[in-house]
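This report concerns the model shown below.

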Amino acid sequence: MLIRLIYASRTKNLGPMDVKDILQRSQRNNQKLGVTGALCLSNGIFCNVWKATALS
């Protein structure tokens, strides 16, 4: 079974290095768990989309 999770969150005072750190950690952790996804940031709002099988 395919599972999708989509959510949005708001952030304040986030710099380029913070975003880089989030992306690096997400790539490493998601690969271990068999999760794929997308992360978008615009005007202080993150949109996250994750996709995995039920066994992940």
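## Terms and basis

In what follows, Ala, Val, Leu, Ile, Met, Phe, Trp, Tyr, Cys and Pro count as nonpolar, Asp, Glu, Lys and Arg as charged, and the others, Gly among them, as polar.

The model is predicted: local features need pLDDT of at least 70 and side-chain atom pairs count only at pLDDT 80 or more, whereas totals for chains, interfaces and linings use all residues. Residues are numbered from 1 along each chain as its sequence is written, and side-chain values use heavy atoms, with hydrogens and water left out.

## The largest pocket

The volume of the largest pocket is about 280 Å³. Its lining comprises 14 residues, of which Ser 26, Gln 27, Asn 30, Leu 39 and Trp 50 are the closest to the centre. A pocket is an open set of points on a 1 Å grid over the protein atoms alone, where a 1.4 Å probe fits, with protein on both sides within 12 Å along at least five of seven lines; lining residues have an atom within 4 Å of a point. Grid points are joined across faces, edges and corners, and the volume is the space filled by probe spheres set on the points.

Two or more lining residues come from each of α1 (16-33), β2 (36-42) and β3 (45-53). The largest share, six residues, belongs to α1. By class, seven lining residues are nonpolar, seven are polar and none is charged. Helices (H or I, at least four residues) and strands (E, at least two) are DSSP runs, numbered from the N terminus.

Strands β2 and β3 run antiparallel and are joined by seven bridges; strands pair if DSSP finds at least two bridges between them. Ser 42 stands opposite Ile 45 in β3. Two residues lie between the strands of this hairpin, and Asn 43 there has a positive phi near 50°. Asn 43 is exposed, with a relative accessible area of 76% (buried means under 20%, exposed over 50%, partly exposed in between, with a 1.4 Å probe and protein chains only).

Asn 13, in the loop between β1 (2-10) and α1, also is not a glycine and has a positive phi of about 55°. Asn 13 is exposed, at 80% relative accessible area.

## Cysteines

Why does the structure hold zero disulfides? The sulfur of Cys 40 is 5.6 Å from the closest cysteine sulfur, in Cys 47, which is too far for a bond; a disulfide requires a pair of cysteine sulfur atoms within 2.5 Å. Cys 40 is partly exposed, with a relative accessible area of 44%, and Cys 47 is partly exposed at 32%.
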